[in-house]
Amino acid sequence: MELNPLFNLDAIPARPEPTGLLYGEDVLSVAQFDRDKIDYIFTRANEMREMVKRVGKFDLIPDKVAACIFYEPSTRTSSSFIAAMQRLGGSVIPITSGVSFSSVSKGETLGDTMRVLEQYADVVVLRHPEVGAAKEAASAASVPVINAGDGPGEHPTQALLDLFTIQDELGQIDGLKIAMLGDLRYGRTVHSLTKLLLQYDVQLRYVSPEVLRLPMNLMNRVIDSGRNVRETYSLADVIRDVDVLYVTRVQKERFSDLSQYEQVKNFYEITPEVMEEAKEKMIVMHPLPRVGEIPESLDSDPRAAYFRQAQNGMYVRMALLAGVLGRA
Ligand code: CP
């Protein structure tokens, strides 16, 4: 076909050849990431942070489009993926304010939704309430699919940004004692982070009420890994000697029996008084949103790392997007 002479193709630089360890990959589970890949992502994420600090926004993927489709509410994950694309010079199809405005509300299947989105986008970011939905979407789509949380299943990009934050704040991961507290049963961030941490030499402490204990199959994996691990319902048992306290909210939306939720919803509160017991260099993390387990009065404590953690999410997601699109 003859092109309009106004399209001067000779003046347009050729697209760079795709490159990098992650090119073309779906991001579905933390099981995909060994330590080499994690180090690679962290190096790229540090570069992204440096570039954002220096120039704010830069054209690494100006020719790329991401479709962000969220079947569950989100503030951090959706907005940090969108910001990540924009800071890399790319564009976004945002279906994040409720799929009720998309054809999903007319009964379109997840597979068909993917087969259509891939006609417009180079990568799909998906949050869905069902475990395994991201895998199903990836098998329908020929472009990379990034799991932005599948029900109580996994949240791999959150786990990577959590791990990045631990490394960034404390300068190491090996050798640390890490406590996870709150809703360990339904908290997908806890499940994903636990699996990633099994690649490191860490001690693990799980703090929850009985009904919110870590699922048995995951606890068995931790035990089989040979890590030093303890479970308790008492924060006082761990607060003095952990390096990281990873707090989660109790996930009301996952309870079928709301009276059970009422019994455990205010089980823990990390107040400034509680923090008096903690190490001077300990950090408090939270994937957010918080709903009472950390009061705002803690925010001025330099050990409160949760907003820095949220910011790190953008750098890690920039690294992942650039990676799967072959521009890392
Ligand atoms: N941490 C996290 O997944 O937050 P959102 O639900 O706001 O995306």
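The crossing of helices H2 and H10 is right-handed, meaning that the near helix is turned clockwise from the far one by less than a right angle. The model is predicted: local features need pLDDT of at least 70, side-chain atom pairs count only at pLDDT 80 or more, and totals for chains, interfaces and linings use all residues. Residues are numbered from 1 along each chain as its sequence is written, and side-chain values use heavy atoms, without hydrogens or water.

Helices (H or I, at least four residues) and strands (E, at least two) are DSSP runs numbered from the N terminus. Axes are lines fitted to C-alpha atoms, for helices over the stretch in contact, with angles from 0 to 180 degrees between N-to-C directions.

| Helix pair | Angle | Axes |
|---|---|---|
| H2 (76-87) and H10 (306-324) | roughly 55° | within 8 Å |
| H5 (156-170) and H6 (188-197) | about 60° | 8 Å apart |

H2 and H10 are oblique to each other. H5 and H6 are oblique too. Oblique covers what is left after under 35 degrees (roughly parallel), over 145 (roughly antiparallel) and 65 to 115 (roughly perpendicular). The H5 and H6 crossing is right-handed.

Arg205 sits in strand S6 (residues 203-207). Arg205 is buried, at 7% relative accessible area. Buried means under 20%, exposed over 50%, partly exposed in between (1.4 Å probe, protein chains only).

Met1 precedes helix H1 (35-55). Met1 is exposed, at 93% relative accessible area.
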